Every structure is written in C-alpha cells, then in structure tokens.
Amino acid sequence: MTVPMLEAHAVSVAYGKVEAVRGVSLSVAPGRLVTVLGANGAGKTTLLNALMGVLPAKGTLRFEGRDLTRLPVEARVALGLSLIPERRELFSTMTVEDNLKLGAFRFRTTGGGGDLGEIYRLFPRLAERRRQQAGTLSGGERQMLAMARALMGRPRLLMLDEPSLGLAPLIVAEVMRTVARLRDEGVAILLVEQNARAALRIADHGYVLDGGRVVLEGDSRTLQADARVAETYLGSLGAETPDRAAATG
Amino acid sequence: MDATILLLLLQDGVVNGAIYALIALSLVLVFTVTRVILIPQGEFVAYGALTLASLEAGTLPGTVPLLLGLGGLAFLADCAEGRHTLDGRGLLRLALRDLALPALVAAAAWILAPTKPGLAVEILLTLAIVTPMGGFLHAVAFRPLAHASVLVLLIASVGVHLALTGLGLVFFGAEGSRTPPLSEASFPAGPLLVSGQSLWMIGLTLAIIVALWLFFSRTLLGKALIATAVNRLGARLMGIAPSLAGRLSFSVAAFIGALSGVLIAPLTTVYYDTGFLIGLKGFVAAIIGGLASYPAAAAAAILVGIIESVASFEASAFKEVIVFMAIIPVLLWRSLRSAPVEDEE
C-alpha cells in the first residue's frame, strides 16, 4: 500500500460521557475509494464529523503528513479536505449558481477553483436550475448540488456522508457512478454508507463500524465475500429504511 | 394639524427615518451573520459624530487613542485565536491589520487634524478612525463567544455598549458637539423648504442601500456573508470562517454607524451617550423586520421616523414612549403569526 493521504489513529469522540467513536484507526491512500459501513448509530457520521473538525476528537489525525488535530474546519478545507454532510447543508435561500460559486470560496484570492461550465456539463440538471433557489430542488438534485458544490472547491479528499440517503434507487446508482468517476479522476474518497451493497460495488477498501469500533477491515472484494458482512449488512439492512434521517440527524 | 404641518412632519420623519434605516440594516446584517444583537451600534454613531466634531475644531479626536488600544487588544486576541495555525506570514498580516493600520490612521489624524483640512477630508478621516473598531471589537469581545447562545451574546453586547459609552465620556467629555451642515443650500418645494442637508442624508442612505445590495448580490465575499447567515455549518464546510464573516459584518456595521453619525451631527447636538437612543430606534425598525429582512427593516425605519416626528408634534412629552410602544403590537402580531423561533443549535 502507498503512503496514506489521510491517516487517523485511535480517534475517539464523546458526547458528554457517551463515547460514539472509540479508538478508530483508518487510512485513505491517494486516489483510492474507501468506504465505512455500519448500521444506524454505529458512529459513522460522528467519525466523519471528527475527521472534518466539526466535532472535537481525541487521537491523532494526519493529512499528507500534516497534523490536523488542532486545525478548525476552515483550515482543513484550505488543505483540500471536503465533507458532504448527511444533511447536505446547502444555502437553501440562495440560487443554485450562488451555491456553486461559494463552493470555490477557498480559491477566491488565488483563483484555481472549479469551473462552472465543467460542473454544468457534469450535472446538466443543475444547469437547467441554476437560477432556482437551492431549497426548491428535489432530493436527488439537492444531493447533486451538494456534490457539485464540493467539487467546485477542488477537494483532494472528498468525504461523503450517506449520499444515497432518501434517494430513489435509480438516483442512488447515478450518485454512485459519479463517486466512482471522481475516484477515477484521482480524487481520494471516503464514503460512509448504510447501503453497503452499493458502496462495496465501487469501493477499493472498506471498514465496518459497530458500536463505535472498527470490527472488520479489508479490501472490498473480501468484505463482499465475508459471511458476517453478508449476513448483517447486505441482507435486509442494505435496503433503505425510512426512519434513518431522523435517527442519525 | 393642517396639510403643511403634516408635510413638514413627514419630511422630518423621512430624514430621521433614513438614519434609523441605516442602523436597522446594520443590525440585521450583524444579527443574521453572528447572532449578536449589536447594542453598541449607537456608540459607532456617537463616535462618528464626535470624531468629526473634534476634527472640525482642529483637535485630535479621542477615538484615536481608543482605536490604537482596541487594535492592540485585537492583536492579542487574534494571536491567541490563531496560536495553532499561525506562521510568520500570518503573524505579519495580523500585525499589519491590527497594529500598522490603526497607527497609520492615527498618524494621518495627528498630522491633518491641526490643519483643518476641510469637511470632505475630515469625514473620510472619521470613517477611517471608526470603521476598524468594528472588527477589533468583534475579535476582542464576540469571537471568543462564537458558540454561546443568543442570550449570552446579548449580555456581552450590553457590556460592550456600557464600556464604549464610558470610554466615550473619558475621551470626549460630557459636553455635546454639533458640526456645520454638509450643505447650506435649500430648495423650495411647494410649501416646504428642503435643505441640502436632508437631501444629502436621503441620498447617502440610498447610496448605502444600493452599495449593500451590490455587495451582497455581486461579490463572492458578500455572498459568503449571506451564506453564513443562511447555514453556518454549510459555510464553514466551504472554508468560510465564521470569524471572517463576523469581522466583516462588524466592520460594515461600524462604517455605517460612523457615516450615520456624520450625517446627524449637523442636525442635533450629540453627546457621548446620544447613540444609545438612536440605536434603539433603529432596533425597533429591525425588530419590525423580524431581524431578518433588509427591505422590511428599511421601510419600518422610515415609519419609525414618521411616528416619531408626528408624536413629537402632537405629544412631545411622550415622543419616545410612543415610538417604543409601537414595537408591542408588532411583536404581538409576529408571535401570533409565526411559530416560536427556537434558539439556533
């Protein structure tokens, strides 16, 4: 394995006295697509928020050799980390185009952010709706906008929190295709998913989280073949459950 | 009351309302971006008026040492805030912004003040002295509380207001000041005599509104402020630091406050504590706009100005009472109409 781009060692996050993530270590190599699987409440979202600096965490975090531990969210964005959160966190009263322009905010003085034309070619639906308020978009369009907005910031490592959440199967497939294509273009990706089947299909490597700990780790083919994964995550739980948004949000 | 008097009162109300509109707009801006109800906005107004008055008199304004002091405090606060990320270049940038810039403004004031360089230069100097204070105050008093509740921020805001009023007394003394009007001209319009001063006030207010609109709709920095107001976490994930947005909105508020001070200084005698009442009237307008809508706040400010001028004619002893009572039906209507607003986060 090459030198990791993101390296987390013994990361723990606690809400008060409850530890939601306990001593998780993981790494993402450049240009690889790594997925974190797990049931509802396994600590996946908490882990991503800790990696991004949204939540304070214990343990060590390195990105391209740089210690992230004390850096605030904005400084991590400046290094090329990007998180598409589960709730998308769009600027709902602003137009689609303004959302996209703000995605390139970190390049405002230097130039070099994403190209709007290129983004619109990648997401033609957004081009049609560029003057519409982001809050008026459908669920699938909102996810597309969240991804497009993140891409405008030319991330080096893109973290996605349940991009398939609440989307129709056809759109889930489209989202996964987009994620795979980004990886092929050289963006390292950390994908958190409850939809294990869809995630393992495109991932290179995977971790399985349970009760805040990594219980299983391996390349995606091994995981797909693993009996425990098949039983726990590729069965009925691989499908959508409607109450998840409320429970994890 | 006949038609002529009513017209006069309306004219008076619109001119005063223009100032309240400027204040209401800055209150809305600061609140939506930082959740701070900026009570000290009135102090920026008073500082602007008093600074211009001392420059008019050819003396060094008391706000100059205050600016230097606040800059020094802000430098310490910035260093503490950035202690984990600061490198040599960052430190230099902070020193330029917090120490060198105020020093430069102070030097300019020190050299220019005795020469009485004329109203235009004095106004620019006034704006240059007061505007940076907004950002400095944010860094010193509000950024460390960025995660606090609206109530805690309000209490801090009251504290800053009291401190700035006291400092105003120390640096400017208890006497009031008044400056000559921006324009001595006047134009007959039907039964009214429209003064050049009131045209300046309305014109500059409109200019500021247009400038704000352009800033928010055309510049990425302006959009970043709106984005922070709409979705703080979303903005942070785009690399828009809340401290940057906060500092910027406080600076805009201080600029608008100082300009309002420059505009009212010829109309009324301004004392170190005059700003509070002016700020409160702007606050009434901002509340009518729900602390969220710029157009509603500006329109409400004109209304507040008109209520005030009519009240001062009809029942001058109750002028302030009537203005502030106007807020009660609005609050009632708002609370009946909308679900209770939860404290954010």
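I take two strands to pair if DSSP finds at least two bridges between them. Strands (E, at least two residues) and helices (H or I, at least four) are DSSP runs, numbered from the N terminus.

I note that this is a predicted model, in which local features need pLDDT of at least 70, side-chain atom pairs count only at pLDDT 80 or more, and totals for chains, interfaces and linings use all residues. Residues are numbered from 1 along each chain as its sequence is written, while chains are lettered from A and ligands numbered from 1 in the order in which they are written.

**Strand 1 of chain A**

I looked up the partners of strand 1 (residues 6–15) of chain A. With strand 4 (residues 58–63) of chain A, strand 1 pairs in the antiparallel sense over 5 bridges, and His9(A) stands opposite Thr60(A) there. With strand 2 (residues 18–28) of chain A, the antiparallel pairing runs over 7 bridges, and Val11(A) stands opposite Val24(A). Strands 1 and 2 of chain A form a hairpin with 2 residues between them, and Gly16(A) in the turn has a positive phi of about 60 degrees.

**Helix 6 of chain B**

I found that helix 6 (residues 150–172) of chain B has 23 residues and reaches 32 Å from first C-alpha to last, close to the expected 33 Å (1.5 Å times one less than the number of residues). Its buried residues (20 or more other C-beta atoms within 10 Å of their own, with C-beta atoms placed from the backbone) include Leu153(B), His161(B) and Phe172(B). Just after helix 6 of chain B, Gly173(B) takes a positive phi of about 80 degrees.

Conventions:
A residue is buried if 20 or more other C-beta atoms lie within 10 Å of its own, exposed if 12 or fewer, and partly exposed in between; C-beta atoms are placed from the backbone.
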